[in-house]
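Biologist: I'd like to learn how to read a protein model. Can we go through one together, feature by feature?

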Amino acid sequence: PTAHNEIGVMHLRARRLEEARAAFRNALEIDALNGGAHTGLANVLIEEDKLDEAMRELRVALRFDPNQPGALASLGSLLRDKGAFHNAIALCQRALELSPKFPQAHNNIGLIYRHQGQLDLAQEHYFKAIEYGPYLDAPHVNLAQLYIRQDKVDEGMEEFRRALRVNPYCTIALANLGARHFNEDRIDQAFAFYRRALVIDPDYALVHKNIASIHVLRNDPEQAAHHLRRSLELDPGQPESEQMRDELAFLEATAPVADPDGE
């Protein structure tokens, strides 16, 4: 099981989800009580946004092996997202009892403290997550958002840059840096960041919305309408959706009509 689990982790890091799932299931065929394999399978499910299934796998994993900091922190993260903050922080604190330098647990506790308005404590745990997990982009992203909440925009942008240095595929960092360039009228730079984000995640609704604004400035109503339409398809209930629909109707009315004969 150990070898299959290690293979599964390598596939998971490379986002080869089917291969990772197969490896973890191979481990479970050998040992159905293997907590690490259940945790690995849960992490595959998290990547697939099957969060309820992932929670069930994590609970099974901890039943068979309660001393897994990774499983404790992952379950804590899922419970945090459901608003069960008391249970979430208890699980993350248990993870830190087992492994005091476990960065994901510090990051999760920081998110809970930020939600509760305890910003100094949140920042303290983000710093620890960054110190103990220099390979993680999430603590940089969360610290950036904390700085922006405190009107420390320059510091926030620097943390987004650090997130990108850790993970060049961090779409939230790309989107925020694009927005900063756009707000300061560096349109070409903003466009480049947004395009990078869409290459990584073509279904990023906010980036489609923002790139539509650039096409409006460039007097390209057809492309602006395309991206605005896609943004609304992906997230029809987003803020300003009614205003976006009005703008889309105007763009569709002004965009050139394609010649059916291609002439």
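This is a predicted model: local features need pLDDT of at least 70, side-chain atom pairs count only at pLDDT 80 or more; totals for chains, interfaces and linings use all residues.

Biologist: What about the backbone of aspartate 151, and is it buried or exposed?

Modeller: Its phi is near 65°, a positive value in a residue other than glycine. Buried means under 20% relative accessible area, exposed over 50%, and partly exposed in between, using a 1.4 Å probe and protein chains only. Aspartate 151 counts as exposed because its relative accessibility is 69%. Now look at aspartate 185, in the loop between H11 and helix H12 (187-200): its phi is positive too, about 65°, and it is not a glycine. With 66% relative accessibility, aspartate 185 counts as exposed.

Biologist: And how many helices and strands does the protein have?

Modeller: There are 15 helices and zero strands. The C-alpha atoms fill a box of roughly 65 × 45 × 30 Å along the principal axes, and buried residues make up 46% of the 263 residues.

Biologist: Which residues touch the most other members in the largest nonpolar core?

Modeller: A nonpolar core is a set of buried Ala, Val, Leu, Ile, Met, Phe, Trp, Tyr and Cys residues joined through side-chain atoms within 4.5 Å. The largest one has 32 residues, and Leu75 and Ala105 touch the most other members. Helix H6 (85-98) is among the helices that supply at least two residues of this core, and H6 gives the most, with seven.

Biologist: How much space lies in the largest pocket?

Modeller: On a 1 Å grid over the protein atoms alone, a pocket is an open set of points with protein on both sides within 12 Å along at least five of seven lines, and lining residues have an atom within 4 Å of a point. The largest pocket here holds about 2,000 Å³. Of its 42 lining residues, the closest to the centre are Asn43, Ile46, Glu47, Gln104 and Leu136. H5 gives the most to this lining, with seven residues.

Biologist: Which classes of residue make up that lining?

Modeller: It has 18 nonpolar, 16 polar and eight charged residues. Asp, Glu, Lys and Arg count as charged, Ala, Val, Leu, Ile, Met, Phe, Trp, Tyr, Cys and Pro as nonpolar, and the others, Gly among them, as polar.

Biologist: One more: what lies over the face of phenylalanine 191?

Modeller: A charge sits over a ring if NZ of Lys or CZ of Arg is within 6 Å of the ring centre and within 35 degrees of the ring normal. Here, arginine 218 lies over the face of phenylalanine 191, at 4.4 Å from the ring centre.

Biologist: Where is lysine 209, and is it buried or exposed?

Modeller: Lysine 209 is in helix H13 (residues 205-217). It counts as buried because its relative accessible area is 17%.

Conventions:
Residues are numbered from 1 along each chain as its sequence is written. Side-chain values use heavy atoms; hydrogens and water are left out. On a 1 Å grid over the protein atoms alone, a cavity is a set of points where a 1.4 Å probe fits but cannot get out, and a pocket is an open set with protein on both sides within 12 Å along at least five of seven lines; lining residues have an atom within 4 Å of a point. Grid points are joined across faces, edges and corners, and a volume is the space filled by probe spheres set on the points. Helices (H or I, at least four residues) and strands (E, at least two) are DSSP runs, numbered from the N terminus.
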